[in-house]
Amino acid sequence: MFRRTVAALGAQWPRRMETRRTAAHFTFTPNQTQPPVQGNSEKLNMYQSITSALDIALSKDPTAVIFGEDVAFGGVFRCTVGLQEKYGSDRVFNTPLCEQGIAGFAIGVAVSGSTAIAEMQFADYIFPAFDQIVNEAAKFRYRTGNQFDVGSLTIRTPCGAVGHGALYHSQMTEGYFAHCPGLKLVIPRGPTQAKGLLLSCIRDPNPCIFFEPKILYRLSQEEVPVDDFSIPLSQAEVVRPGKDITIVSWGTQVHVANEVCDLAEKEGIECELIDLQTILPWDKKTVAESVKRTGRLIVTHEASLTAGFGAEIAASIQEECFLYLESPVKRVTGYDTPFPHVFEPFYLPTKWKLLDAVRKSLKY
Amino acid sequence: MLRHLVRGLGLGSRVLRSTPVIRRAGFHRASVYCNDVGGGEMLEFPGARTRWTESLQMFNKDSYEPLPVYRVMDPNGNVINPEHDPKIPDAKLIKMYEGMVTLNVMDKILYESQRQGRISFYMTSFGEEGTHFGSAAALDDKDLVYGQYRESGVLIWRDFGIVEMINQCYGNSLDAGKGRQMPVHYGSKEKSFVTISSPLTTQLPQAVGSAYAFKRAKKNLVVMCYFGEGAASEGDAHAAFNFAATLEAPVIFFCRNNGYAISTPTKDQYRGDGIGARGPAYGIATIRCDGNDTLAVYNATKRAREYCLKENKPVLVEAMTYRLGHHSTSDDSTAYRSIDEVKTWEEKAHPLVRFRKFITSKGLWTDEREEQFRDEIKKEVLRVFQEGERIKKPPIDVMFTDVYKEMPLHIQEQRDQLREHLSEFGQHYPLEQFQ
């Protein structure tokens, strides 16, 4: 009951956040790298770029359907606004309030060859669907000997810190799924990446979970190509080159790290910042190449430390780059506690914690 | 008394429902409004359409008649009401019965072979053959089937063949599933039978999704989804029933209520009127039938299929039966139920026996034919079984394929690591069993 109240409020949150922009724990940096496609662009925030991707997906694929809790009227975060009017109620529709049902239904749609784009209202509520995702979706192609698959399945879900989301409107849940072979996990850092990566997920022949950092829905704004385009999965992007230390992150935390790069620069430290973009299967090559040049690595993510995805990166890179490392791989992450309400400013892996880690790594 | 009251109420509301309700312009949808008809008041809360009462009542299982069990044949295989004889053509009746015997013979041989350690696991269908063949014969062979694991007869009906089944149980290189799953986890794209997985009930909401996609694609096909009464306790069953009703998906939920979920009797599984009574609560048309009466199962499934296609809505069929065999080869059911109980059911309600009596009375089957056919099938199963055992397992690399459509770098690396490891330590592994 409470949860529904909060969910309904969701649409209001970003608006409030706009007025509290200065209070956000990061500053959004618009895309500074080469646009992934030529042609006209339009200024969009992330929820609008997601709508644009969904619009393109529906217009080019008559089998594609979008469903989930409250998507028909436009979604609690406005990501599906106007789509039902444009494509009809058999293609964009509400489901009963039941995440395991949404995931199972989506798998069935995909088994029959149609494109299923399911929404979980918050990544915090994806756990009732954990069984369907981990035991079913991820293993479908493998266990059937490639007779059946659910490659045309994409699950979109808002994730991450939002300032006041507390335990159940803040979680980054990618780590739970990273342990599951068969899935692809993708997290964009802004509107351009959201559109290109989401279209890749929808068209990828494997089941994908697309995590949307909800604090970026309205807070991020940049020029996004109007046309259909995609950004390849399992490819990290070096968003800022540097020679002294590598910082790897994804989602909102890329912007936190970007600020740290500025701060460190003033201290004469050149950080190389990598947006991992795809958590599974992740781009070890790009990270390893960077670390071989810089000799140092920090992984930073909002999710808690123990067995977070940072652990996977740290372990793999020390194995791959043992002779190149000049300091231990550090992880700057959330603490091993549930995500708290009033303590959020202290819980998050802030730019100051990250700067502290950069200095310590350089001094090691 | 209470029961009468409730039934009276039901009728009353139906009358009221057909009466036009006066809507005043500007009246808020969420408001309660009423229209006096025949002394009753018609209400529309957003959540339910009903009427007021000043009598404080609690409703429970006894407020309603239990759902009756539809049957066509008596225990001696005689059709009780000739109007309900489905008049299945003779050739089809014989194919149904031969399929039942084939399944029965195969179950006996594979069960024994597991006891001898020749395959790792097996699950028989003893006592439930009627639900498989009665339902499968009433479907179009292109209707997509999602099963639980005790529905091998559906595949036999669709001519999947005992060769494929035995190859799956061995996980040899001819298994379409590439030896990855436990025995009895059959699947066939060609036969529109979605590969079985162990997690119970996960297939139910999936079946709804496929049915929804079928409806959009105007395929004129339904989705058939089998499950046991134990599986119906999982949350996914609730999800599926509710999604199927609200999203109007042409899916048949076919529940095999055989009295037990491993050791758990139905009194520990639920306290309502079985699974069937849940159907109307979700707004799903429901039929309860005698699962040991193959003709009743056939009629129920046929009716369900017609309804699905015409209405684009789901149907729930609950087939009442009895699990005569152990749950699986890992289970000894005498630990929780008496041999007498099993014997009683075997004597009074075996679907195979009843169906045999029916086709014998029609002159389609004889004792000689029975003996001859059983003998043939037994020889065939044993031959296929021995052949399947000799076929090597798939190449070891097959362990790494199909995780994703393409093989990602990290899995390629792991495959190469295993290759390298085996090149040095191969003598410690059963390499000779693999291609």
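**Cysteines**

I started with A:Cys321 and found its sulfur 17 Å from the closest cysteine sulfur, in A:Cys271, which is too far for a bond. A reminder to myself before going on: this is a predicted model. I then looked up how exposed A:Cys321 is, and the residue turned out to be buried, with a relative accessible area of 0%.

Next I asked how many disulfides the structure holds over all chains. The count came back as zero.

**Chain A as a whole**

I turned to the make-up of chain A and listed 15 helices and 14 strands. Its radius of gyration is 20 Å, close to the 21 Å from the globule rule for 364 residues, so chain A is as compact as a globular protein of that length.

How much of chain A is buried? I found that 63% of the 364 residues are. I checked contacts too, keeping to residues at least 6 apart in sequence, and 83% of those contacts in chain A join residues at least 24 apart.

For the surface, I noted an accessible area of about 13200 Å² for chain A, with 54% of it belonging to carbon and sulfur atoms. On charges, I counted 36 positive and 40 negative side chains in chain A. The centres of these two sets lie 3 Å apart.

I went looking for a cis peptide bond and noted the one from A:Leu280 to A:Pro281, with omega near -10°. A:Pro281 sits in the loop that runs between strand 12 (278–280) and helix 12 (284–294) of chain A.

B:Val184 has a positive phi of about 75°, and its loop lies between helix 5 (162–170) and strand 5 (193–194) of chain B.

Are these two residues buried or exposed? A:Ala307 counts as exposed at 65% relative accessibility, whereas B:Val184 is buried at 1%.

Note on methods. Residues are numbered from 1 along each chain as its sequence is written. Chains are lettered from A and ligands numbered from 1 in the order in which they are written. This is a predicted model: local features need pLDDT of at least 70, side-chain atom pairs count only at pLDDT 80 or more; totals for chains, interfaces and linings use all residues. Side-chain values use heavy atoms; hydrogens and water are left out. A disulfide is a pair of cysteine sulfur atoms within 2.5 Å. Buried means under 20% relative accessible area, exposed over 50%, partly exposed in between (1.4 Å probe, protein chains only). Helices (H or I, at least four residues) and strands (E, at least two) are DSSP runs, numbered from the N terminus. The radius of gyration is taken over C-alpha atoms; the globule rule is 2.2 Å times the number of residues to the power 0.38. Contact means heavy atoms within 4.5 Å. Accessible areas come from the Shrake-Rupley method with a 1.4 Å probe; for residues, only the protein chains shown count as cover. Lys and Arg count as positive and Asp and Glu as negative; His and the chain ends are not counted. The place of a charge is taken as NZ of Lys, CZ of Arg, CG of Asp or CD of Glu.
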